[in-house]
Amino acid sequence: MNLDSEDSRLLIALQNGDTDAFDSIYHRMAGKLLQYIHSRIHNKEYSEEMVQEIFVSLWVRRQEIDIHSSIDAYLYAAAKYQLLSYIRAENVRHKYAEHFAIFASMQSENTEELINLTDLKTAIEEHVSQLPPKCQQVFRLSRYSGKTIPEIAQEMSISTRTVENYITQALRHLRQALSHYPWIVVLMFVHVIR
């Protein structure tokens, strides 16, 4: 299926940096995308962040995008991608919460365990400090300050996808560096260490 003449005109103008074409697409689709995303996650703030991310990406990638069916279909596909990323991130957060609950229920006030806990915190901080500065900042805001991905993105003026990439990079580094610790402890403390 080929683009209709209006979409074809808008796409060519957009690829040439025409802000009026961008505005036209935005006004046509932003409300629909917001409604589509919000109906699935029921979180207005995250829904708005995702719509913003979709349109930022559309503008930044305007010269390389290749749309065959319609601009609307392309943007709905981008919305589905944002939703999948959000769901994956939520699943990871839930997994960390579950592992923390299991570990907390097993933990006693044993002095040796408290020493091991202190050692683990020290080891984690040592390895976090080896990360690139922005990656460290994102990790600390996420894990130490409990900030959400959209909050970090806004505070640091970067995209939510960049925040997710930094967190993934940090967790991968910690898993490798702390592989000698039991996996459940590593999973817990990369999320809740203070």
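Biologist: What pattern does the chain follow along the sequence?
Modeller: Read along the sequence, α-α-α-α-α-α-α-α-α. That is 9 helices and 0 strands, taking DSSP runs numbered from the N terminus, H or I of at least four residues for helices and E of at least two for strands. This is a predicted model, where local features need pLDDT of at least 70 and side-chain atom pairs pLDDT 80 or more, while totals for chains, interfaces and linings use all residues. Residues are numbered from 1 along each chain as its sequence is written, and side-chain values use heavy atoms, leaving out hydrogens and water.

Biologist: How much of the chain counts as buried?
Modeller: 40% of the 194 residues. Buried is under 20% relative accessible area, exposed is over 50% and partly exposed is in between, with a 1.4 Å probe and protein chains only.

Biologist: At what angle do α2 and α3 cross?
Modeller: Roughly 145°, and the axes of α2 (residues 19–41) and α3 (residues 44–60) come within 9 Å. Axes are lines fitted to C-alpha atoms, for helices over the stretch in contact, and angles run from 0 to 180 degrees between N-to-C directions.

Biologist: Which residues of α2 and α3 meet there?
Modeller: On the α2 side they include F22, I25, L33 and I37, and on the α3 side they include V51, F55 and L58. Contact means heavy atoms within 4.5 Å. The residues of this contact divide into 16 nonpolar, 3 polar and 2 charged. Ala, Val, Leu, Ile, Met, Phe, Trp, Tyr, Cys and Pro count as nonpolar, Asp, Glu, Lys and Arg as charged, and the others, Gly among them, as polar.

Biologist: And what does F55 touch?
Modeller: F22, I25, Y26, M29, A30, L33 and L75, not counting residues up to four places away in sequence.

Biologist: Next, how many residues are in the largest nonpolar core?
Modeller: 26, and those with the most contacts inside it are I25, L33, I37, F55, L58 and L75. A nonpolar core is a set of buried Ala, Val, Leu, Ile, Met, Phe, Trp, Tyr and Cys residues joined through side-chain atoms within 4.5 Å.

Biologist: Which element gives the largest share of this core?
Modeller: α2, with 9 residues. Apart from this core lies another, of 19 residues, among them V128, C135, L141 and V163.

Biologist: New topic: which residues are buried in α7?
Modeller: In α7 (residues 149–156), they are I149, P150, I152, A153 and M156.

Biologist: Why do they line one face of the helix?
Modeller: Because, seen down the axis of α7, the buried residues fall within an arc of 160°. The arc is that of the directions from the helix axis to the C-beta atoms.
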